[in-house]
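Please open the model in your viewer and get ready to select a few residues as we go. We will take the stops one at a time.

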Amino acid sequence: MTILCVRFQLPPAKEAALPELLGLLEEFTPVVEALPPDGALADLRGAERYFGRGVAELASVIRVRALALHGVDCLLGAGPGPLLARMALRDARPGVTGMVPQEPDRVAEFLAGRPVAALPGIGAASARTLCAYGLDTLGLVAAAPLSTLQRLVGAEAGRELREKANGIDRGRVVPNTWGTHLLAAERPFTRDELDPDRHRRALLSAAEELGARLRALDKVCRTLTLTVRYADLLRTGSSGCTSTSTVRGRTLEEPTAHSAALTRAAYDMYEALGLQRARVRAIVLRAEGLSPAEQASHQLTFDPVDEKVRRVGEVADRARAKFGPRAVTPGTLAA
């Protein structure tokens, strides 16, 4: 049992601190895969040998450090592979690590009675199809003929489904340099905010912050992700309450650190949500898929306005560096 799946229980005021929180895992293993907006996978095989402790003990240490150093609790699931670790996370509770046994027969027992929809990667449509044919648990799916599953969900998907239902986990943790892999800018509201204009101003401010930080690092981003946290509360047992949220992502036309381009993408994602009098508690923008700016290509537009805005951005960056982050009024760089 060597893979740990971690989900940090981030309140709205701390979501932008995810890269720093994930640093806890790198203290134990370099094989860490970030799962934005609030989680990660970690391969602890080397850590078990190095520290002489099992994965359950290491998970407890990680949780205590997250609470002590950052004031953030986390849920943890452990299993022989990434898929099983994710499923173990469903059984986790504050202070209790969800565990999938190492032995194959006990893995099969763990999976047998679970609904087919609990298997990561199974969409709602596939789950409905399987349930309509009486295959509503993973035990039944595991026992079904491969030809039957392939007729229901397709050849490749059926083969993969049967393997997963039998506990065959071929996934692996793919390290990503999350410290430079993503940046986040959060804009919490002092009260639950209904005004779309204020939502847009928060998006504008967050996009300009991300643009400035990307340019300071000489990076560009390929993907922009928007998280809108709402005011309604859901009870989470002994862990308290948490707000619901909507997450949307967009791959940009070209990797960029241009504030105006980030702002346009953020506005488009926000408008696509079609929010009507939604009480918003916080807005978070994440720039993901970071790469060196010198390696990025830029499509020439021969648009003097575009070139002017880019030059204004360079001037604004110098002003911020000299006089501080409030030297430039949000919105002056948006195209």
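Predicted model: local features only at pLDDT ≥ 70, side-chain atom pairs only at ≥ 80, totals over all residues.

Stop 1: Select residues 196-217, which form helix 11.

**Stop 2: along the helix.** Helix 11 is made of 22 residues. From its first C-alpha to its last it reaches 32 Å, close to the 32 Å expected at 1.5 Å a residue.

**Stop 3: the buried residues.** Which residues of helix 11 are buried? Color His199, Ala202, Leu203, Leu204, Ser205, Ala206, Ala207, Glu208, Leu210, Gly211, Ala212 and Leu214 to see them. While you turn the view, recall that an α-helix has 3.6 residues a turn, so residues three or four places apart point the same way.

**Stop 4: just after the helix.** Next, select Asp218, in the loop between helix 11 and strand 7 (219-235). Just after helix 11, Asp218 takes a positive phi of about 60°. Most residues other than glycine have a negative phi. Is Asp218 buried, partly exposed or exposed? Asp218 is partly exposed, because its relative accessible area of 45% lies between the 20% and 50% cut-offs.

**Stop 5: another loop.** Finally, jump to Arg277, in the loop between helix 12 (259-273) and strand 9 (280-288). Arg277 is not a glycine, and its phi is positive, near 55°. With a relative accessible area of 68%, Arg277 is exposed.

Methods:
Residues numbered from 1 in each chain as written. Heavy atoms only, no water. Helix = DSSP H or I, 4+ residues; strand = E, 2+ residues; numbered from the N terminus. Buried < 20%, exposed > 50% of the residue type's maximum accessible area, 1.4 Å probe, protein only. Expected span 1.5 Å × (residues − 1).
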